[in-house]
Amino acid sequence: MGNTDYNEAVMDHFRNPRNMGELKDADAEATVGNPSCGDVMRIMIKVSDDKIADIKFQTMGCAAAIATSSMATELAKGKSLDEAEKISNKDVSLALGELPPIKEHCSNLAADALRLAIANFRKNKK
Amino acid sequence: MRGLYLDNAATTRVDENVALSVNEVFLESYGNASSLHKVGRQARMKLEDARGKIANYLGCKSKEVIFTSGGTESNNLAIRGLAKANPLKKHIITSVIEHPCVLDAVRDLESEGYEVDYLEVDSKGLISLDDVEEKIRKDTLVVSIMHVNNEIGVVQDIEEIGRICRMRGVYFHTDNVQGFLKKKLDLGFVDLMSGSGHKVQAPKGIGILYVREGVVIEPIVTGGGQEGGLRSGTENVPGAVGLAAAIDVDFKLNKVLASRDLIIAGLLKIPGAKINGDMEHRVYNNISVSFYGIEGESLMMLLNEDGIYVSTGSACASSKLKESYVLKALKVDEMYIHGSLRLSLGADAIGEEDYIVEKIRESVLKLREMSPFKFSEENLKDVRDKKLEIRKEVLGNEEEQEDN
């Protein structure tokens, strides 16, 4: 499978990303990735009653990075913090069907960003 | 949906007349050029006619043209073949922006004990002639410098580099895969030159190595002793005939050049856009452009959806997940390297300039909106300076381009 042989689900999330943009009154956020490898994801969350009331992302990266960011926000939205925290990068790629193998590591970091954002939220609360 | 193929430095569509001439060989002149019967003789005649036509174009003797399987083999044969034939010379000079097939051949020799100088380039992608002169030693085997760079289209001063090598008694090889038939090259001081068919609307799987008479190389592929013993393997007569036929292809150089300059002027109006590589010494159809804060593969994918076919120097799009070493050598900022596109234009671009610019603009702005990196004023200023500089070039060369 070549680098850009993406399935329809990946292409759909790439073309029409869900929950993309800046969350103005976010309670917490986190950025993962590294500009020098070209993939950087920022996840912002708004929390009420220990649930993810709203979530948005901004990503610089390839089509896979954008699609996984979009899918991760879809999976997390409305979930309790405890549930959302359990979402793994693998869950995100499974939800999308499959990613080209080469993309699994560098472009599938949105769940890490989400987990970090939740950790930041809990830290801020203390 | 219409498609615009703007990736002619990757490969090209075979020209109709070239295809017809190749097809004739497939169906009629199908013999083995080494066979002694009539069918073989007919194929031999086709092969030698093709060689003669290429030699005539290059202004050299027929026996100085060796057919190979393509640019990669030609470059390997030139470098490894010279090394095998001249075992006492253990030093090689090349540049950091060569094609991987040159760099890998040289690195192989390095691991066998050769010493190699990799010449740096300036921020415009040009090699310094003084550097070439300075690095030549008594035991230098060969200087290998490409004519036209595949990513940024920058053209090196091959004639002058060759002159230096000739004066110092060192062999000079040039990888001319991206310039062959498109950018005239005087072979006066060139000892070996590689060319390829599929970059010039001939088929894939055919290339040439020009070897000046008197320059001794050893083969790297042995067997039946074809091509004067320098390249064994049944002669690729259809390929050779196709390559020779490509000499007559009209590449519409002037129209494509005008298209290129229109597109560049349009792209530079997009905030955070910059052109990589020198504008003056540049092949007629190359645009290497970078956009701040976005990633090239996703840009390429969006354009693909619009039927615009280009390539990118971004790490995400490479099978090795490494960003372009050519753009790195030009010290392009990494936030720009990731957002780089290469357009290598052909006839498809003519008359479509506005559409191409508009689609790229839309896609860049869409990805910018998604990106966490906002385009800052500081960056903008840097880019604006560059834009003015390049626009001057595009709009008629009235003023000299400033050096940076």
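**View 1. Parallel pairing between S3 and S5 of chain B.** In this predicted model, strand S3 (residues 91-95) of chain B and strand S5 (residues 140-144) of chain B run parallel and are joined by three bridges; strands (E, at least two residues) and helices (H or I, at least four) are DSSP runs numbered from the N terminus, and two strands pair if DSSP finds at least two bridges between them. Within this pairing, B:Ile92 has B:Val142 of S5(B) as its bridge partner.

Residues are numbered from 1 along each chain as its sequence is written, while chains are lettered from A and ligands numbered from 1 in the order in which they are written. Because the model is predicted, local features need pLDDT of at least 70 and side-chain atom pairs count only at pLDDT 80 or more, whereas totals for chains, interfaces and linings use all residues; side-chain values use heavy atoms, with hydrogens and water left out.

**View 2. The seven-stranded sheet of chain B.** The open sheet has the strand order S2-S8-S7-S6-S5-S3-S4 (chain B), and its pairing is mixed. Strand S2 (65-68) and strand S4 (115-119) of chain B each have a single partner strand, so one side of each is left without a neighbour in the sheet. Helix H6 (residues 158-168) of chain B lies across S5 and strand S6 (171-175) of chain B, running at about 160 degrees to S6(B); contact means heavy atoms within 4.5 Å, and angles, from 0 to 180 degrees, are taken between N-to-C directions of axes fitted to C-alpha atoms, for helices over the stretch in contact.

View 3. Five of the five residues in strand S7 (residues 192-196) of chain B are buried, that is, under 20% relative accessible area, against over 50% for exposed and in between for partly exposed (1.4 Å probe, protein chains only). B:Leu192, B:Ser194 and B:Ser196 are buried on one side of S7(B), and B:Met193 and B:Gly195 on the other. S7(B) runs parallel to S6(B), with three bridges, and B:His173 stands opposite B:Leu192. Five bridges join S7(B) to the antiparallel strand S8 (residues 207-211) of chain B, where B:Ile208 is the bridge partner of B:Gly195.

**View 4. The three-stranded sheet of chain A.** This open sheet has the order S1-S2-S3 (chain A) and antiparallel pairing, with strand S1 (28-34) and strand S3 (51-60) of chain A at its edges. Helix H6 (residues 110-125) of chain A lies across S1, S2 and S3 of chain A, at about 140 degrees to S1(A).
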